[in-house]
Amino acid sequence: MLHRVLKKDVLIWCSIQETIDMTSQLELGRPEEKRVSQRQVNGIFWIILLNLGVYVADHWFLIREIKMLYLYHSLPAWYQFVTATFCHASWNHLSSNLFFLYIFGKLVEEEEGSLGLWISYILTGAGANLVSWLVLPRNAVSVGASGAVFGLFAISVLVKMRWDWRKILEVLILGQFVIQKVMEEAQASAGLSGALGRGYSLQNVNHIAHLSGALIGVALVWLISSIPSQPSDSDTPGTKT
């Protein structure tokens with residue numbers, strides 16, 4: 001009888017040990033799964049490098065062809081609405097834009113991925129330039145990523161708007177930061193103004209591009225959110241194999 005009791009206790013102890021080992025393995029495996037599932041943020045760095053490369057080619061190596069990437073309002077080429085978002089008039093102009101571009105671009109890429117970031121940057125930047133071209137004088141020249149920056153800000157806020165107190169707090173922090181700081185940086189980048197030759201003039205701080213970029217960002221989020229999502233494979237009824 002004692003032998004049977006001891007044998008039973010040993011079996012119970014072995015079962016408990018196996019359960020503990022399996023639980024430990026699952027706990028150790030969770031960080032790996034999280035690291036695999038996390039998005040890799042690379043797109044924002046390529047956008048920043050492209051902006052830096054264009055600036056160096058334009059202002060350091062004085063490559064004249066870069067000037068053809070500016071948006072000339074008198075007779076714009078179609079590609080200039082996009083390429084002008086990668087051009088900047090001065091180092092202050094570039095550095096202030098890159099600072100906010102990194103903050104909001106990284107947030108957008110973490111939520112929407114690299115492709116979503118590139119699409120958001122191009123659509124909001126080109127859309128802001130289009131509105132500027134329609135409103136500003138014909139001797140104006142537009143350059144800078146400000147429209148895209150404001151568009152990415154709007155997108156980064158809207159994609160995080162969920163009924164979670166942490167997300168709401170994050171949105172409030174981002175909102176007050178932008179309202180107080182972005183306009184200060186925009187005013188600080190007054191080096192935008194100046195003659196460019198042949199009757200053209202670089203505009204001062206382009207608030208039209210800022211506002212239109214943000215509105216295009218809002219419209220882009222609304223448009224995407226209105227598209228019904230496709231059901232995942234796990235939600236689709238079917239036979240298990």
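Trainee: What makes the contact of Lys67 with Asp58 a salt bridge?

Mentor: The term requires a side-chain nitrogen of Lys or Arg within 4 Å of a carboxyl oxygen of Asp or Glu. In this predicted model, the closest N and O atoms of Lys67 and Asp58 are 2.6 Å apart, so the pair meets the definition. Side-chain atom pairs count only at pLDDT 80 or more, local features need pLDDT of at least 70, and totals for chains, interfaces and linings use all residues. Side-chain values use heavy atoms, without hydrogens and water, and residues are numbered from 1 along each chain as its sequence is written.

Trainee: Why is Asp58 called buried, and why is Lys67 called partly exposed?

Mentor: Buried means under 20% relative accessible area, exposed over 50%, and partly exposed in between (1.4 Å probe, protein chains only). Asp58 has 2% and is therefore buried, whereas Lys67 has 28% and is therefore partly exposed.

Trainee: Which other residues form a salt bridge?

Mentor: Lys106 and Glu110 do, at 2.7 Å from N to O. Both lie in helix 4, four residues apart, about one turn of the helix. Helices here are DSSP runs (H or I, at least four residues), numbered from the N terminus.

Trainee: Why is the ring pair of Trp78 and Tyr79 called edge-to-face?

Mentor: Rings of Phe, Tyr and Trp (its six-membered ring) pair if their centres lie within 6.5 Å; planes under 30 degrees apart count as stacked, over 60 as edge-to-face and the rest as tilted. The centres of Trp78 and Tyr79 are 5.9 Å apart and the planes stand at 90 degrees, so the pair is edge-to-face.

Key: Helices (H or I, at least four residues) and strands (E, at least two) are DSSP runs, numbered from the N terminus.
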